[in-house]
Amino acid sequence: MAITKNTNEMPFLQIKDLVVEYTSDGETIHAVNGVDLSLRRGETLGLVGETGAGKTTIAKSILRILPDRSAKICGGEIFVNGKDLLKLSEPEIQQIRGNEIAMIFQDPMTALNPVKRVGDQIAEVIRIHNSISPAEVEKRAKEMLELVGIPAQRFREYPHQFSGGMKQRVVIAIALACNPDLLLADEPTTALDVTIQAQVLDMIADLKKQKNSSMIMITHDLGVVAEVCDQVGIIYAGEIVEYGSKEQIFDHPTHPYTIGLFGAIPDMNEDEEWLHPIEGLPPDPTNLPQGCAFNPRCPYATEECRKGKIPFAETPDGHLSRCLHTAEVLKKEANA
Ligand SMILES: Nc1ncnc2c1ncn2[C@@H]1O[C@H](COP(=O)(O)OP(=O)(O)OP(=O)(O)O)[C@@H](O)[C@H]1O
Ligand SMILES: [Mg+2]
């Protein structure tokens, strides 16, 4: 069952059966293993999963900025606004990067050029995508800096003169400078403290609303998902294992992995001595388990779960869970 809505409206972003591998030390790393997802204009999709699940790889595949030497898109299609991005020439995709699609990178320390002034790095993206005078470029770049809460007087400073949180805000300013139609936000607030985090999320939401942009919000933080997302995809070992609206996923988590993720959050209303982590470790991406990749950690796993690709099952509230034991899981959860 594909992840599409029952609507005639063409999704703004549609990814079909994306497969991405890396090669490292002669080994093949199966980073993304047949991901389907779709997103309508103005919507925000949260991609949630443990470290190494393939979230950044999906975002980099959309922008086509995976490392040439080690990464390979082995299959799939990525449509944005009706264009198949994987079929565009390099000059064509360059026109789209930073203009139609922009990315807030996970690691602000490596996303900025250490030997270039902060203001020039923001100005550069504005200049590339707009035919306006240098004075107008600088004016807009300064406005962007102020918008993310940094005084315009710091325009001529270098990244090393900024704190980690300020650098992250510069990365956000660069991504937002061209009002992208699609924003790929990869852990945009992880490096920020909680008060700044709230401000930055509000700022992204405002700018997104102004242009009715779509967004993929990559995060470990279910609190961030609750605040900003419309749809949620739970990703495990390079596969989406559960997909639905935020309400469906939060009110009726159905895949055993998702249930484990929610169970690992401490409940502030309970006097609990121990956290409840998911037993076991994420699988080795060079040697994924047969069948459902979660089966070695899953309390419901049977022999059937160790064979072939597991299809999506539709849950009673109409969302999708890639599990053969959906009825049993729901029954047990209802009695819990
Ligand atoms: N350049 C690379 N070369 C080799 N392997 C890579 C490379 N980048 C990522 N990988 C591997 O691909 C898999 C997916 O990585 P990815 O960075 O997409 O995960 P992620 O979900 O973004 O994790 P995190 O939450 O830690 O950011 C991991 O096993 C990772 O080790
Ligand atoms: Mg990542």
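This is a predicted model: local features need pLDDT of at least 70, side-chain atom pairs count only at pLDDT 80 or more; totals for chains, interfaces and linings use all residues.
## Burial and helix H10

A residue is buried if 20 or more other C-beta atoms lie within 10 Å of its own. In H10, the buried residues are Pro-256, Tyr-257, Thr-258, Ile-259, Gly-260 and Leu-261. Helix H10 spans residues 256-263 and is mostly covered, with six of its eight residues buried.

Several elements contribute to this cover.

Ligand 1 has 16 residues around it, of which Tyr-22, Thr-51, Lys-55, Thr-56 and Thr-57 come nearest. Two or more residues of this shell are supplied by each of strand S1 (13-24), strand S2 (27-39) and helix H1 (55-63). The element that gives the most is H1, with three residues.

In terms of residue class, the shell around ligand 1 consists of nine polar, six nonpolar and one charged residues.

## The packing of H4 against H5

Helix H4 comprises residues 118-129 and helix H5 comprises residues 134-147; the two pack at an angle of about 120 degrees, and their axes are 9 Å apart. Angles of 65 to 115 degrees count as roughly perpendicular and those over 145 as roughly antiparallel; H4 and H5 are therefore oblique to each other. The crossing in which H4 passes H5 is right-handed.

On the H4 side, the contact is made by Gly-119, Ile-122, Ala-123, Ile-126 and Arg-127. On the H5 side, Val-137, Glu-138, Arg-140, Ala-141, Met-144 and Leu-145 take part. The contact of H4 with H5 has seven nonpolar, three charged and one polar residues.

## The packing of H4 against H6

Helix H4 also meets helix H6, which covers residues 164-176: the axes of H4 and H6 come within 8 Å and cross at roughly 20 degrees. Angles under 35 degrees count as roughly parallel, and H4 and H6 are therefore roughly parallel to each other. Their crossing is right-handed.

Helix H4 contributes Val-118, Gln-121, Ile-122 and Val-125 to this contact, while H6 contributes Val-170, Ala-173 and Ile-174. By class, the contact of H4 with H6 contains six nonpolar residues, one polar residue and no charged residues.

## Gly-164 in helix H6

Gly-164 is placed in helix H6. Because Gly-164 has 12 C-beta neighbours inside 10 Å, it counts as exposed. Apart from its neighbours within four places in sequence, Gly-164 is in contact with Pro-108 and Ala-191.

Gly-164 and Ile-240 are 76 residues apart along the chain, and their C-alpha atoms are separated by 32 Å.

## Two loop residues with positive phi

Arg-64 is a residue other than glycine with a positive phi, near 55 degrees. Arg-64 is located in the loop between H1 and strand S4 (71-80). With 17 C-beta neighbours inside 10 Å, Arg-64 counts as partly exposed.

Ala-237 likewise is not a glycine, and its phi is positive at about 50 degrees. This residue sits in the loop between S9 and S10. Ala-237 has 24 C-beta neighbours inside 10 Å and therefore counts as buried.

Key: Residues are numbered from 1 along each chain as its sequence is written. Chains are lettered from A and ligands numbered from 1 in the order in which they are written. A residue is near a molecule or strand if its C-beta atom, placed from the backbone, lies within 6 Å of it. Helices (H or I, at least four residues) and strands (E, at least two) are DSSP runs, numbered from the N terminus. Ala, Val, Leu, Ile, Met, Phe, Trp, Tyr, Cys and Pro count as nonpolar, Asp, Glu, Lys and Arg as charged, and the others, Gly among them, as polar. Axes are lines fitted to C-alpha atoms, for helices over the stretch in contact, and angles run from 0 to 180 degrees between N-to-C directions. A crossing is left-handed if the near helix is turned anticlockwise from the far one by less than a right angle, and right-handed if clockwise. Two residues are in contact if their C-beta atoms, placed from the backbone, lie within 7 Å.
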